[in-house]
Amino acid sequence: MFTGIISGVGRVISVCPKSSGASVFVELCRDRSSGFDLSLVSVGDSVCVSGVCLTVVSVTDAGCGFDVSAETLSCTCLLDVTGALVNLETSLRPSSLVGGHFVYGHVDCVGKIVVWRSVCDSQEMVVSIPPLFAPYIARKCSIAVDGISLTVNGVEDGVEDVRFSVNLIPHTLSHTTSSNFDLSTSVNVEVDMMARYASRCAEVFLNCSRNNGV
């Protein structure tokens, strides 16, 4: 489990395709990773890589290696793109501060940035995702975009998609890959798990009510 508070930025420097997916090596960008301590990362640990929970299979002085399944590659972006910059966060420890929200690293979908504009010293970003995720997004709820914990400022439901807007402050822009975002950039999106639980509880309650003739 993670918090969506990015501690480092890495670069995908090698992608080796396999029948079951790919082996990926991410090199740490040390000038942008003051909070990511490689010495504390071991084989078998979980690391959130741009919103995707991956298991470390190798560690060197330069970075970490991961085995990524074909299923994960099919429903996420960036992981198999050599040269791509990725956000990094190590998993929560008992002593960790939860500065963002609980992020599981289970990406729900790939979204596309449809608005990217400056608002004072921040950036407003609007992301389009499939409409089936509309029940899980509400104004002022949390959402993870490429692993970054963000607050939803607005939601617009449409027939073909649902769009949510967030603001990225200068600190976030300078400490994550969001400074490289642009119009039409694809991003990994994970909705707040609490919203999923609430939606499921409501669904079960309504089904029980119908079955009991209420």
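Student: Why does Arg163 count as partly exposed?

Tutor: In this predicted model, Arg163 has a relative accessibility of 34%. Buried means under 20% and exposed means over 50%, with partly exposed in between, so Arg163 at 34% counts as partly exposed.

Student: Where is Arg163 found, and which residues does Arg163 touch, not counting residues up to four places away in sequence?

Tutor: Arg163 belongs to strand β12, which covers residues 162-168. Leaving aside residues up to four places away in sequence, Arg163 touches Val114, Val126, Val127 and Ser128, and also Gly154, Val155 and Glu156. As for Ala138, Arg163 is 25 residues apart from Ala138 in sequence, while the two are 11 Å apart in space, C-alpha to C-alpha.

Student: What makes the pair of Arg163 and Asp161 a polar contact?

Tutor: The side chains of Arg163 and Asp161 are joined at 2.9 Å. A polar contact needs a pair of N or O atoms within 3.5 Å, one able to donate a hydrogen and the other to accept it, and the 2.9 Å between Arg163 and Asp161 is therefore within that cut-off.

Student: Why does Ser7 count as buried?

Tutor: The relative accessibility of Ser7 is 16%, and because buried means under 20%, Ser7 counts as buried. Ser7 is found in the segment before β1 (8-18). Not counting residues up to four places away in sequence, Ser7 touches Ser33, Ser34, Gly35 and Phe36, together with Leu88, Glu89 and Thr90.

Student: How is the protein divided, and what do the two domains bury between them?

Tutor: The protein is divided into domain 1, residues 8-90, and domain 2, residues 109-195, and their centres, taken over C-alpha atoms, are separated by 22 Å. In contact across this division are 12 residues of domain 1 and 16 residues of domain 2. Between them the domains bury about 940 Å², with 45% of it on carbon and sulfur atoms. Of the area that domain 1 buries against domain 2, 49% is supplied by Arg32, Cys77 and Asn87, more than by any other three residues.

Technical notes
Residues are numbered from 1 along each chain as its sequence is written. This is a predicted model: local features need pLDDT of at least 70, side-chain atom pairs count only at pLDDT 80 or more; totals for chains, interfaces and linings use all residues. Side-chain values use heavy atoms; hydrogens and water are left out. Domain bounds come from an automatic or database domain assignment. Contact means heavy atoms within 4.5 Å. Buried area is the accessible area (1.4 Å probe) that two parts lose on being put together, summed over both. Helices (H or I, at least four residues) and strands (E, at least two) are DSSP runs, numbered from the N terminus. Buried means under 20% relative accessible area, exposed over 50%, partly exposed in between (1.4 Å probe, protein chains only).
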